[in-house]
Amino acid sequence: MSSKKVLYIDLDNTLVDFSARLEGIHPSVLAQYVDEDGKPNYDEIPGVFALMPPVRGAIEAFTELAELFDTYILSTAPWENPSAWQHKIEWVHLHLGRGPESPAYKRLILSHHKNLNKGDFLVDDRRDHNGAGEFAGELVWFGQPDFPDWPTVVAYLRKRA
């Protein structure tokens with residue numbers, strides 16, 4: 001058992017730049033993935049996760065934090081888009097590696113209930129979805145004024161390792 005603190009890092013809009021991939025999708029396709037209330041469900045577009053780029057500094061941050069913490073990727077995959085489950089692990093393989101030398105090797109957890117995971121920190125861009133706000137450890141709200149980018153997050157967590 002590791003003596004390191006446990007750190008979870010969300011995938012979409014935290015490690016993965018979700019908006020960058022959407023820019024290349026035709027508006028008529030995007031329009032098909034909006035519900036009756038006008039809420040976009042773009043994560044249900046088949047194949048949308050496959051080739052998204054990382055958020056600036058995310059790969060370097062994950063690699064450093066994986067040395068300091070017992071680090072896992074904790075993400076939610078859309079229920080109505082089974083291909084997203086596969087594409088998330090493919091993204092991890094592509095950007096963080098697939099073998100035992102990877103800092104993310106066998107460290108991808110997909111859950112709709114992030115609050116069920118025990119740990120010290122959760123870095124997530126959404127505090128009110130999928131149990132992130134009920135996480136028992138400390139939520140580091142990525143992309144908000146206190147934690148606008150990866151250098152800020154890493155500096156904060158480095159002091160708490």
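Where does asparagine 117 lie? In this predicted model, asparagine 117 is found in the loop between strand S3 (108-110) and S4.

**Asparagine 117**
- Asparagine 117 has a relative accessible area of 15%, and because the cut-off for a buried residue is under 20%, asparagine 117 counts as buried.
- Once its neighbours within four places in sequence are left aside, asparagine 117 is in contact with Tyr8, Leu74, Ile109, Ser111 and Phe135.

**Nonpolar cores**
- The largest nonpolar core comprises 36 residues, and those with the most contacts inside it are Leu15, Val123, Trp150 and Leu157.
- At least two residues of this core come from each of strand S1 (6-9), helix H1 (18-22), helix H3 (58-68), helix H4 (82-96), strand S4 (121-124) and helix H5 (150-158).
- In soluble globular proteins, nonpolar side chains tend to be buried together.

**Helix H5 and tryptophan 150**
- The residues Trp150, Val153, Val154, Tyr156 and Leu157 of H5 are buried, and because the buried residues fall within an arc of 165 degrees when seen down the axis of H5, they line one face of the helix.
- Those buried residues of H5 pack against S1, H3, S4 and strand S5 (138-141).
- Tryptophan 150, when residues up to four places away in sequence are not counted, touches Ile9, Thr14, Leu15, Val55, Arg56, Gly57, Ala58, Ala61, Leu65, Val123 and Phe142.

**Largest pocket**
- The largest pocket has a volume of about 550 Å³, and its lining is made up of 23 residues, of which Asp12, Asp43, Arg126, His129 and Asn130 lie nearest its centre.
- By residue class, the lining of the largest pocket divides into 10 charged, seven polar and six nonpolar residues.

**Serine 83**
- Serine 83 belongs to helix H4 and is partly exposed, with a relative accessible area of 23%.
- Not counting residues up to four places away in sequence, serine 83 touches Pro46 and Gly47.
- Serine 83 and phenylalanine 49, which are 34 residues apart in sequence, are 8.5 Å apart in space, taken from C-alpha to C-alpha.

How values were computed:
Residues are numbered from 1 along each chain as its sequence is written. This is a predicted model: local features need pLDDT of at least 70, side-chain atom pairs count only at pLDDT 80 or more; totals for chains, interfaces and linings use all residues. Side-chain values use heavy atoms; hydrogens and water are left out. A nonpolar core is a set of buried Ala, Val, Leu, Ile, Met, Phe, Trp, Tyr and Cys residues joined through side-chain atoms within 4.5 Å. Buried means under 20% relative accessible area, exposed over 50%, partly exposed in between (1.4 Å probe, protein chains only). Helices (H or I, at least four residues) and strands (E, at least two) are DSSP runs, numbered from the N terminus. Contact means heavy atoms within 4.5 Å. The arc is that of the directions from the helix axis to the C-beta atoms. On a 1 Å grid over the protein atoms alone, a cavity is a set of points where a 1.4 Å probe fits but cannot get out, and a pocket is an open set with protein on both sides within 12 Å along at least five of seven lines; lining residues have an atom within 4 Å of a point. Grid points are joined across faces, edges and corners, and a volume is the space filled by probe spheres set on the points. Ala, Val, Leu, Ile, Met, Phe, Trp, Tyr, Cys and Pro count as nonpolar, Asp, Glu, Lys and Arg as charged, and the others, Gly among them, as polar.
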